[in-house]
Amino acid sequence: MFLWCQLIGFSTVLFAGESMPAPVVDFLKQHCFECHAGREDKLEGDVNLDLRSVDWASTDSLELWTTVHEVVHSGEMPPRDAESIPGSVDRDTFLAWLGEVLTEYSPPGGTLPRRLNRIEYLNTIRNLFDYPEFELPPSFPSDVSKFGFDNVASGLVISPPLLAQYLEIATAIADEFLPQPVTLPKAEPHHYSIDAMGLNTDEGGGGALAGEVFRLVSSRNMASAAGWTSSFEAPISGIYSVRIDARVFQTGSMFYERRSKPFLLQVFARQNGEQKYAKFSDMRMLGEVSISTSEAKHSVDPLEVELFQGEIMGFRWADGPVYSDPGRIDLSHDFIDDRLLNDPIFYAAALKLNGGKRGSSQAEFYEAICALMESGDLDLSDPALGKPPAVYGGGLFNGPHNWCKAYAHEQMHRFGPALDILEVAVNGPNRVVISQTMRDRLARSKAFLGRQASESTDILFVERFLRDFLSRAFRRPVSDDQLGGYMELVCAHRDEFPEKRIEDALHLAIRKALLSPHFLFLELGGGALDEHELASRLSYFLNGSPPDAELTALASSGQLSKLDVLGKETRRLLSKPERLEFVKHFTGQWLGTRMLKDIMPDPRLLKFFNPDRDALIEETELFFEELLAGNYTLDHFIDPGFSFRNQNLNKIYGGDLTGKKMQRVSFPKGGRQGGLLGLASIMMATANGVDTHPVHRGVWLLENVLGQPTPPPPADVPAVAPDTSGATTMRELMLKHQADAACARCHEKIDPLGFVMEQFDPVGRWREYYPIYTDGASEKLKEEFYSSQGEGTRLGRRIDTSATMPGGTLLNDVTDLKAYLMNNMELFASCLIEKLLIYSTGRELSFGDYRIVQSLTNDVLDGDRGFQDLIVSVVLSESFLKR
């Protein structure tokens, strides 16, 4: 019978070559020719198997007969309604012959020269130059994903825009590490007078104008609590003289007791437009002075400060009653408890107002609180007034933190205590200095070049430097010929421009190295992988970066390829912090978490924010990392009995967790929670934020969990769109779709898996009914609409998740699918191994590779070995060790 849509598109013209054995021809005649022989216009799927010989060197032939092997091995062909079904002996004999031939002509290996992908290139630059803050420009091209991953050689082409980016980055790097000498201009001092109008901060931050002074009321550990010189920034890096006129503001109407101890004023610097919400402990302090409480105006002795070009100054009251705990940016809970528990009338009013009208100013909030406090209409017997709040809030969230901050700030602004800045006078620069940026660059350049005292000539220095740098850049000892070419380049530059520094010649050499194929590509050679190529393949697989010193030393000594050494090194790399690169980028592509940044759930379903998305991704990565570090057996991918969650995920999974830190949570095995089929990140990645589609999730499960990818649908078959009115369920729509014979064979595998997952909504929440979006959904959303979940929907029809797998297994819900996978772990294991091999080798797997996948599957399941054991086996396999 016909090889249906999986064979559509393969060439049917197979050139003369090796003759087929007579038993094979007989097998094809008896079981395949019914639909795959005869006139071309009668061939099913346009596939003709009536051949006496095959050109096995042809890619088309290999693809065709590999697919024949797959569909016969899986039992899909001949189909159940065929006139002739082969017996097991005949079938096995045919498959054994075909398998041997395909293994001979499609052996393990075949990775093309592969350039570094975007992430690998970024990490390599950071590693080579010890430059962790380096970032690629936004214009750097994205990589094309092939076979599920963006590090596969066939997808990593070099385009003109990419070449242009390589050149720009090479030049920028060389400029950064080999800067030109600095010539300082002559100092030309000026006088700058800054009054209260010349200071500012964020509204509600802790500082504001009060008549002709700038009044500071907050000692919070956040830059917005200071008054910053909006009318002055340092025009040039230099030494400046700063005089401050300030005073203490206190009245008899203060909540706090009058203070006689001087107030502490601190002066900070930051680049204009940067660090606006940074901690003061992370900023550069210029000095501090004490302001007397007994003087109407306190003129501080001038401070001599170093300001860098573009910096502004900030003035902070450092020891006030509104403060943060050390190292924290939010207000101290001790401060909040003090305000609430020592002023029950305020506490009661704040609870009743509950933040007030959204968008109200600090003054408006204060007036509203005062009105309630004076109303006499507060329940002071509420037991909540005698204990601290259960949740403090903070940031942009409504809660006691922001109530106390706004009330105390405004009260202190009106009645004290506060610290007033009257005027700031700046003179300078009295002396010009090198900017901090240039100081950092010069220090980085010195460390990078590492010129030694013994290197008495430039040539000695350059040769030693280039030998070390090029060996690290090319990830192998540089050859004498390569080194000689770069030395010639440097010497030619020096001869042509004798007045220039040797660093200028090295600038050219570094740019050339960063554009070299030996830097940009992995595995350029032919034949078997050599020791250094093996080191790079292993390191980029598990750490996403070049080999470290220990791995390089083993490669140089010829020891790395010894299997016991290679196994130990694999476990060592899996124990390094850099393994998180593997965790992030492998799961991001295999499990689809990279897609979440482009999906915004419909606000009619629930309120969803970036921290919620981040928590979904972190849950997935922590789960994967735990299985890896703990060497859990592969069944834990399906039914682990645990996961990692925080308070943001209560809205997804339910529960009452507190805190932003992820916590390990346990639950009974056999339920719907946990494992790949219970991760909300996957459910969100396989939906679109508005509705779900069984086909999308079914196709994803076949490709990423069961290892049975389906071909794309024919171009002329329209997609099935969900009916959000609720009149027709997805099941009803899909059953109509399956009536098309051209679609039925794929959808009998896809749809059962998709139906079973329908009780997970577009963000992974459990549901029993489809949502129906309300008529008001198109109206402009109001604030009160966002204050609750699901206000834009109502319950639709009950979801029917029952389905039957192609083999006859009945599934009622996701727990049955989990049980099916637990009983057929070879499906998931082989799928996972296939993904690991594609990701680690950067190539599409050959038929020979797939035979190794099967062998690794048997080993990991028969030996009850864990996930880390499996990765070691993958590294030691012929597929990994072949180019």
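The mean positions of the 88 positive and 123 negative charges of the protein chain lie 4 Å apart. In this count Lys and Arg are positive and Asp and Glu negative, with His and the chain ends not counted; each charge is placed at NZ of Lys, CZ of Arg, CG of Asp or CD of Glu. The model is predicted, so that local features need pLDDT of at least 70 and side-chain atom pairs count only at pLDDT 80 or more, while totals for chains, interfaces and linings use all residues. Residues are numbered from 1 along each chain as its sequence is written, and side-chain values use heavy atoms, with hydrogens and water left out.

The C-alpha trace of the protein chain spans about 110 × 85 × 45 Å along its principal axes. The chain has 31 helices and 22 strands, taken as DSSP runs numbered from the N terminus (helices H or I, at least four residues; strands E, at least two). Of its 883 residues, 52% are buried, where buried means under 20% relative accessible area, exposed over 50% and partly exposed in between (1.4 Å probe, protein chains only). The accessible surface amounts to about 39900 Å², and carbon and sulfur atoms account for 52% of this area. Areas were computed by the Shrake-Rupley method with a 1.4 Å probe; for residues, only the protein chains shown count as cover. Of the contacts (heavy atoms within 4.5 Å) between residues at least 6 apart in sequence, 75% join residues at least 24 apart.

Helices α6 (residues 160-177) and α14 (residues 502-514) pack with their axes 9 Å apart, at an angle of about 145 degrees. Axes are lines fitted to C-alpha atoms, for helices over the stretch in contact, and angles run from 0 to 180 degrees between N-to-C directions. The crossing of α6 and α14 is right-handed; a crossing is right-handed if the near helix is turned clockwise from the far one by less than a right angle, and left-handed if anticlockwise. On the α6 side, A170, T171, I173, A174 and D175 take part, meeting H507, I510, R511 and L514 of α14.

Two further helical positions were examined. E367 is found in helix α9 (residues 362-375) and counts as partly exposed because its relative accessibility is 42%. P752 lies in helix α25 (residues 741-756) and is buried, at 6% relative accessibility. Apart from neighbours within four places in sequence, P752 contacts H747, A803, T804 and M805. The C-alpha distance from P752 to L810 is 9.3 Å, at a sequence separation of 58 residues.

Most residues other than glycine have a negative phi, and most peptide bonds are trans. A cis peptide bond joins G416 and P417, with omega about 0 degrees; P417 is in the loop between α10 (400-415) and β15 (418-432). Another cis peptide bond joins G428 and P429, with omega about 5 degrees, and P429 belongs to strand β15. Positive phi occurs at D130, near 50 degrees, and at R475, about 60 degrees. D130 lies in the loop between α5 (118-129) and α6, and R475 in the loop between α12 (458-474) and α13 (480-496). D130 is exposed, with a relative accessible area of 64%, whereas R475 is buried, at 7%.
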